[in-house]
Every structure is written in C-alpha cells, then in structure tokens.
Amino acid sequence: MTDNGEVARLLDRHPANAPGDWYVDTRCIDCGACRQLAPDTFTQARGQSLVAAQPDPGEAHTAAWRASVACPTQSIGTLSRQPRPEGLFPQELSDGVYYCGFNSEHSFGANAFFVRRPRGNFLVDAPRWSRRLARPIEELGGIDDVLLTHRDDVADAEQWASRFGARVWIHADDADAAPFATDHLEGLGDTEIRPGLVAVPLPGHTKGSVGFVLEERYLFSGDSLAWDSDRGDLTAFRHACWYSWSEQAASLGRLAVRHRFSWVLAGHGGRHEAHDDEMNRRLVQLVERMTRR
Ligand code: SF4
C-alpha cells in the first residue's frame with residue numbers, strides 16, 4: 001500500500017505480466033522509473049511497463065519494492081499484498097546525494113533528488129508529497145532550498161517548500177509554472193546559489209530549463225541531458241524538446257566548456273557516474289551529433 005492509501009489495481013492487471021506474485025496495472029504512464037530501478041524485473045511493451053520476470057528474493061526484491069514506491073500511478077503491486085518494507089527512500093546514491101523516489105504523476109514521473117550538505121540541504125525538483133518521505137528528510141536536517149530545473153517538474157514543490165520553510169528557485173522564463181517561487185534565475189549566465197552550487201541556464205527543452213552543478217562533480221540535468229543505459233552514452237530527447245533543439249545543443253555546448261561533472265542525475269532517463277574527462281568527451285560528442293541533425 002502506498003502512503004496515500006492507493007494500491008495497484010488487480011482488476012486492471014496488465015495481461016502480459018510474467019506469471020507470479022508481482023504485477024503492473026494498466027494505469028502505467030510509461031515514465032520509465034521502474035525500469036530504471038529494477039531493470040531485471042520490469043520491461044517496456046507497447047508504451048507501458050510490465051513484469052518481465054518475477055524478482056528473486058534479495059536485491060531484486062528490494063529493487064522491485066523501490067519501483068513500487070517510486071511509481072507515480074501506484075501501478076506496481078503483489079497479488080499476495082505483501083507488506084512494503086520501510087526505509088526505501090531517500091536512497092543514497094553518493095556522498096549525501098539521494099534519490100527521493102515517490103515520483104509524481106504531475107511531473108510525468110520525473111526523478112527528484114535530495115542533497116545533504118553543511119552549507120544547506122536542497123531538493124532538486126519535487127517528488128510527490130509524502131509524510132513517509134518527509135520524515136526521513138527531516139531527520140537528515142530538512143530542506144533549505146528547492147531548485148527547479150524547469151516548468152514540467154514542479155510537482156508538489158510548494159508543499160515541500162512550505163513544510164520546511166525553504167526558498168524556491170526557478171528560471172524567470174519558466175516562473176509562471178511556480179508562482180510561489182522566492183528566487184528567479186535570469187538570462188544565460190551562471191548563478192552561484194552558494195559556494196560549490198551553481199545554477200546553469202540550459203534553454204532548449206523549455207525556455208527556462210536550468211541545470212545545477214554541485215562541486216563540479218554532480219550535474220542535476222532535469223530533462224536537458226540524461227544517460228541512455230541501452231546505448232551506454234549521454235543523450236538528449238529530441239522528441240521531448242518543447243522550445244528549441246538548436247538552443248538546447250548550444251546550451252549543452254556552453255555547459256561542456258564551463259563545467260565538469262562525473263555524475264549526471266536526470267529528471268527523466270538514466271543516471272550515471274563516470275570519470276569527468278569521459279563525461280566531458282561524451283557531452284562534446286553529443287553536441288556535435290545534435291548540431292549535425
Ligand atoms: S514506474 Fe509506474 S508509471 Fe512509471 S513506467 Fe513503471 S509502472 Fe509505469
């Protein structure tokens with residue numbers, strides 16, 4: 001059962017799920033979060049996810065539970081109504097950088113991240129509101145700032161900011177999507193939010209898209225850049241570019257010149273860690289491909 005009392009719907013079970021306890025229902029919106037979290041269990045078929053193979057006990061089982069909690073439509077469940085384990089989220093990925101889970105349908109299931117730092121904790125984009133997530137975040141010191149990468153991934157940011165008394169940052173060109181924001185980023189120049197944390201405007205996916213670079217190590221890329229796990233390379237989504245593909249290429253080109261990162265943490269699509277030289281080389285190559293097309 002999820003925190004809002006909803007469960008996956010047995011009557012709407014996808015007919016092509018692999019036989020067994022775990023299933024996906026047909027309310028799935030194909031956000032991809034479950035496939036990212038538990039690729040051995042979930043697969044895509046005709047624009048929805050379903051169970052390809054029942055998870056083995058152990059890590060695969062935990063990953064399936066994480067997918068169940070992250071699922072924005074609460075479409076993943078078990079026939080036996082197994083009790084959900086506690087403490088699945090936030091999930092620490094690296095040195096105080098956490099994936100929030102609890103993806104929101106309002107952001108089409110975008111990933112949100114929580115970061116714990118002595119100079120102030122912050123959220124990048126917003127998960128769906130949940131006391132089950134707010135409690136552990138409070139224990140980790142709460143949230144000082146909510147950083148919004150663009151207009152599509154605002155989700156329940158207002159509720160998170162209000163609960164923790166946080167400032168909210170968004171680019172002025174996407175600001176109408178978050179009228180409650182306290183701080184607007186302007187133009188194409190970088191803004192240092194605090195030492196080691198920089199907002200980098202990346203117009204393209206939307207006019208007001210922004211990436212956030214932390215310690216020249218982590219890039220929170222929103223929907224401007226992602227890792228393609230199938231191809232093993234950086235990617236950008238031309239089919240989901242709402243403002244300007246050529247500007248997106250130019251933005252990513254500027255990013256490659258101005259900043260380094262070894263982690264890419266995307267709203268949609270995969271996340272990945274590699275040496276910063278390799279990431280930079282792949283980013284330059286991606287920009288070349290984008291400008292050729
Ligand atoms: S997380 Fe939920 S909505 Fe997203 S692809 Fe999986 S089943 Fe579908």
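**Entry 1: the ligand**

I looked up the surroundings of the ligand and found 14 residues around it, the closest being Cys28, Cys31, Gly32, Cys34 and Cys71; a residue counts as near if one of its heavy atoms lies within 4 Å of the molecule. The model is a predicted one, in which local features need pLDDT of at least 70, side-chain atom pairs count only at pLDDT 80 or more, and totals for chains, interfaces and linings use all residues. Residues are numbered from 1 along each chain as its sequence is written, and side-chain values use heavy atoms, with hydrogens and water left out.

I sorted the shell around the ligand by residue class and noted 9 nonpolar, 3 polar and 2 charged residues. Here Ala, Val, Leu, Ile, Met, Phe, Trp, Tyr, Cys and Pro count as nonpolar, Asp, Glu, Lys and Arg as charged, and the others, Gly among them, as polar. Helix α1 (residues 33-37) gives the most to this shell, with 3 residues. Helices (H or I, at least four residues) and strands (E, at least two) are DSSP runs, numbered from the N terminus.

**Entry 2: helix α2**

I turned to α2, which has 12 residues and reaches 16 Å from its first C-alpha to its last, close to the 16 Å expected at 1.5 Å a residue. The expected span is 1.5 Å times one less than the number of residues.

How many residues of α2 are buried? I found 9 of its 12, so that the helix is mostly covered; buried means under 20% relative accessible area, exposed over 50%, and partly exposed in between (1.4 Å probe, protein chains only). Among the buried residues are His61, Trp65, Arg66 and Val69. The cover over the buried residues includes β1 (22-24), α1, β2 (42-45), β4, β5 and β6.

I then examined Ala63, which is placed in α2 (residues 59-70). Ala63 counts as buried because its relative accessibility is 16%. Not counting residues up to four places away in sequence, Ala63 touches Leu37 and Ala38, where contact means heavy atoms within 4.5 Å. From Ala63 to Ala181 I noted 118 residues in sequence and 34 Å in space, C-alpha to C-alpha.

**Entry 3: helices α5 and α6**

I checked the length of helix α6 (residues 276-292): its 17 residues should span 24 Å at 1.5 Å a residue, and its end C-alpha atoms are 24 Å apart, which agrees. Its buried residues are Met279, Asn280, Arg282, Leu283, Leu286, Val287, Arg289 and Met290. They are covered by elements including β16 (226-228), β17 (233-235), α5 (245-258), β18 (263-266) and β19 (272-273).

Within α5 I looked up Ser251. Ser251 counts as buried because its relative accessibility is 1%. Leaving aside neighbours within four places in sequence, Ser251 is in contact with Leu202 and Pro203.

**Entry 4: backbone exceptions**

Most residues other than glycine have a negative phi, and most peptide bonds are trans. I therefore list the exceptions that I looked up, against that general rule.

The peptide bond from Phe89 to Pro90 is cis, with omega near 0°. Pro90 lies in the loop between β4 (76-78) and β5 (91-94).

Phe102 has a positive phi, near 45°, and is placed in the loop between β6 (97-99) and β7 (113-115). Phe102 is buried, with a relative accessible area of 3%.

Asp125 also has a positive phi, of about 60°, and lies in the loop between β8 (122-124) and α3 (131-139). Is Asp125 buried or exposed? At 2% relative accessibility, I recorded Asp125 as buried.
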